[in-house]
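Please read the following briefing alongside the sequence and the model. It moves from the overall picture to individual residues and their surroundings.

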Amino acid sequence: MDFTERSPDTILHPINSLTMTTPQIVRLCFIAALWIAICTLLIISAQRITLYTIFIIVASGIVVFVPLYKKYRRDGSADKK
């Protein structure tokens, strides 16, 4: 594996070459903060927490974070065109 093909803002570790760049980390943190805020609003506005409310929160987490995990960590092809 040639480490010179990576962008200069990539933090490289010899053991794990699938690290995230700083802009990718900022994007992920921003999306996570928005998701947490929306879930907090859902919990606060609910009259009572039911199994349906918990299901909605878990399902939205899966919809938001699984594609991000696949894009940035699993295949290592983030920002490749």
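A contact here means heavy atoms within 4.5 Å. On that basis, and not counting residues up to four places away in sequence, Cys-39 touches Ile-57 and Ser-60. The model is a predicted one, in which local features need pLDDT of at least 70 and side-chain atom pairs count only at pLDDT 80 or more, while totals for chains, interfaces and linings use all residues. Residues are numbered from 1 along each chain as its sequence is written, and side-chain values use heavy atoms, with hydrogens and water left out.

**Overall picture**

- The protein has two helices and zero strands, where helices (H or I, at least four residues) and strands (E, at least two) are DSSP runs numbered from the N terminus.
- Of the 81 residues in the protein, 17% are buried; buried means under 20% relative accessible area, exposed means over 50%, and partly exposed lies in between, with a 1.4 Å probe and protein chains only.
- Among contacts with a separation of 6 or more, 44% are accounted for by residues 24 or more positions apart.

**Buried positions and their neighbours**

- Cys-39 lies in helix 1, which covers residues 22–45, and counts as buried because its relative accessibility is 9%.
- The C-alpha atoms of Cys-39 and Ser-60 are separated by 8.9 Å, although the two residues are 21 residues apart along the chain.
- Thr-53 is placed in helix 2 and also counts as buried, because its relative accessibility is 10%.
- Thr-53 touches Leu-42 and Arg-48, again not counting residues up to four places away in sequence.

**The aromatic pair**

- A search of the whole structure finds one aromatic pair; rings of Phe, Tyr and Trp (its six-membered ring) pair if their centres lie within 6.5 Å, and planes under 30 degrees apart count as stacked, over 60 as edge-to-face and the rest as tilted.
- Trp-35 and Phe-65 form this pair, which is edge-to-face, with 5.3 Å centre to centre and 85° between the planes.
- The pair links distant parts of the chain, since Trp-35 is in helix 1 and Phe-65 is in helix 2, 30 residues apart.
- Trp-35 counts as partly exposed because its relative accessibility is 22%, and Phe-65 is partly exposed because its relative accessible area is 26%.

**The nonpolar surface patch**

- Ile-43, Ile-49, Leu-51, Ile-54, Val-58, Ile-62 and Val-66 make a nonpolar surface patch of about 650 Å².
- Patches are made of residues with over 30% relative accessible area and no salt bridge, with like charges joined within 9 Å and nonpolar side chains (Val, Leu, Ile, Met, Phe, Trp, Tyr) joined within 5 Å; a salt bridge is a side-chain nitrogen of Lys or Arg within 4 Å of a carboxyl oxygen of Asp or Glu.
- Helix 2, residues 51–74, gives the most to this patch, with five residues.
- Leu-51, found in helix 2, is exposed because its relative accessible area is 71%.

- Zero disulfides are found in a search of the whole structure, a disulfide being a pair of cysteine sulfur atoms within 2.5 Å.
- Cys-29 is partly exposed because its relative accessible area is 48%.
- Arg-73, placed in helix 2, counts as partly exposed because its relative accessibility is 35%.
- The C-alpha atoms of Arg-73 and Met-20 are separated by 7.7 Å, with the two residues 53 residues apart along the chain.

Definitions and conventions. Areas by Shrake-Rupley, 256 points an atom, 1.4 Å probe, with all protein chains shown as cover.
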